[in-house]
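My entries follow the order in which I looked.

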Amino acid sequence: MEVKLWNDKREREMYENFAELFAIIKATEKLERAYIRDIISPSEYETECQKLIAHFKTLSSTLKDIVPNIERFHDTYKIDCPAALNRLVTSGVPATVEHRAAASMSNSTSAAIVAECVQNFITAMDSLKLNMVAVDQVHPLLSDLSGSLNKLSILPPDFEGKTKMKEWISRLSKMGAADELTEQQARQLHFDLESSYNSFMAALPTAGT
């Protein structure tokens, strides 16, 4: 007799998302162990880790109503991946980024602020992918990102991310809360966020020098 885990399409999608979340956590645990054991180079580790973190952020945002607590999901399904939990939930950035930040930043800055910036970048980009384009949805995300970037004294005043976020915030402030970005505007904003994120990550190795 065939046993089905789901009764309808919605339940099927839920279980498929659970399986994907499980796979991301497992893959991150293996990646962390490989990095610690020098099986993978730092550059390869960072690239793969950033992808996993981005996928995790997007998926956990999608499942936030069903899985409000990732640690509980981890315990319920007995995944046993402490390194992955630390990287995905607690840190939010690759270990290499934490190390560079700790080595290059002055006492007035910290790896925690870098992690906050990275998280705000990814959250803003993921929100656009999920079609969250209303002004009252986008404006707070860009304000948070702008605020976190301004905390980093190593970034110059004309840093791409700072200027572009300031321009977008100014533009959104002139719109109504219920107004929505057009498809073209959303695409441009996502491009600006991605470009600024790449510039931000590139600035970390030489920060403070």
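**Entry 1. Basis.** I noted that this is a predicted model, in which local features need pLDDT of at least 70 and side-chain atom pairs count only at pLDDT 80 or more, while totals for chains, interfaces and linings use all residues. Residues are numbered from 1 along each chain as its sequence is written, and side-chain values use heavy atoms, with hydrogens and water left out.

**Entry 2. The chain.** I counted 9 helices and 0 strands; helices (H or I, at least four residues) and strands (E, at least two) are DSSP runs, numbered from the N terminus. Along the sequence the pattern reads α-α-α-α-α-α-α-α-α. Of the 209 residues, 41% are buried. Here buried means under 20% relative accessible area, exposed over 50%, and partly exposed in between (1.4 Å probe, protein chains only). I recorded an accessible surface of about 12100 Å², with 51% of this area belonging to carbon and sulfur atoms; the areas come from the Shrake-Rupley method with a 1.4 Å probe, and for residues only the protein chains shown count as cover. I then looked at contacts (heavy atoms within 4.5 Å). Among those between residues at least 6 apart in sequence, 74% join residues at least 24 apart.

**Entry 3. The cavity.** I used a 1 Å grid over the protein atoms alone: a cavity is a set of points where a 1.4 Å probe fits but cannot get out, a pocket is an open set with protein on both sides within 12 Å along at least five of seven lines, and lining residues have an atom within 4 Å of a point. Grid points are joined across faces, edges and corners, and a volume is the space filled by probe spheres set on the points. The search gave 1 cavity of 30 Å³ or more. The largest cavity has a volume of about 40 Å³. Its lining consists of A124, S127, L128, M132, Q137, V138, L141, L142, L189 and L193. Two or more lining residues come from each of α6 (111–129), α7 (135–150) and α9 (183–203), and α7 holds the largest share, 4 residues. For the classes, Ala, Val, Leu, Ile, Met, Phe, Trp, Tyr, Cys and Pro count as nonpolar, Asp, Glu, Lys and Arg as charged, and the others, Gly among them, as polar.

**Entry 4. V138.** I followed up one of the cavity-lining residues, V138, which sits in helix α7. V138 counts as buried because its relative accessibility is 4%. Leaving aside neighbours within four places in sequence, V138 is in contact with L128, M132, V133, L172, L181 and L189. The C-alpha atoms of V138 and I169 are 9.1 Å apart, although 31 residues separate the two along the chain.

**Entry 5. The largest pocket.** I recorded a volume of about 380 Å³ for the largest pocket. It is lined by 17 residues, of which Q50, K51, A54, M125 and K129 are the closest to its centre. At least two lining residues are supplied by each of α1 (9–36), α2 (42–62), α6 and α9, and α2 gives the most, with 7 residues. The lining divides into 6 nonpolar, 6 polar and 5 charged residues.

**Entry 6. The second largest pocket.** The volume here is about 290 Å³. Of its 15 lining residues, K57, S60, S61, Q119 and T123 are the closest to the centre. The elements giving two or more residues are α2, α4 (82–91) and α6; α6 gives the most, with 5 residues. I counted 7 nonpolar, 5 polar and 3 charged residues in this lining.

**Entry 7. Helix α2.** I checked the length of α2: at 1.5 Å a residue its 21 residues should span 30 Å, and the end C-alpha atoms are 30 Å apart, which agrees. The expected span is 1.5 Å times one less than the number of residues. The buried residues of α2 are Y45, E46, C49, L52, I53, F56, K57, L59 and S60.

**Entry 8. Positive phi.** Most residues other than glycine have a negative phi. I noted D38 with a positive phi near 60°, in the loop between α1 and α2. D38 counts as exposed because its relative accessibility is 67%. D80, also not a glycine, has a positive phi of about 55° and lies in the loop between α3 (70–76) and α4. D80 counts as exposed, at 58% relative accessibility.
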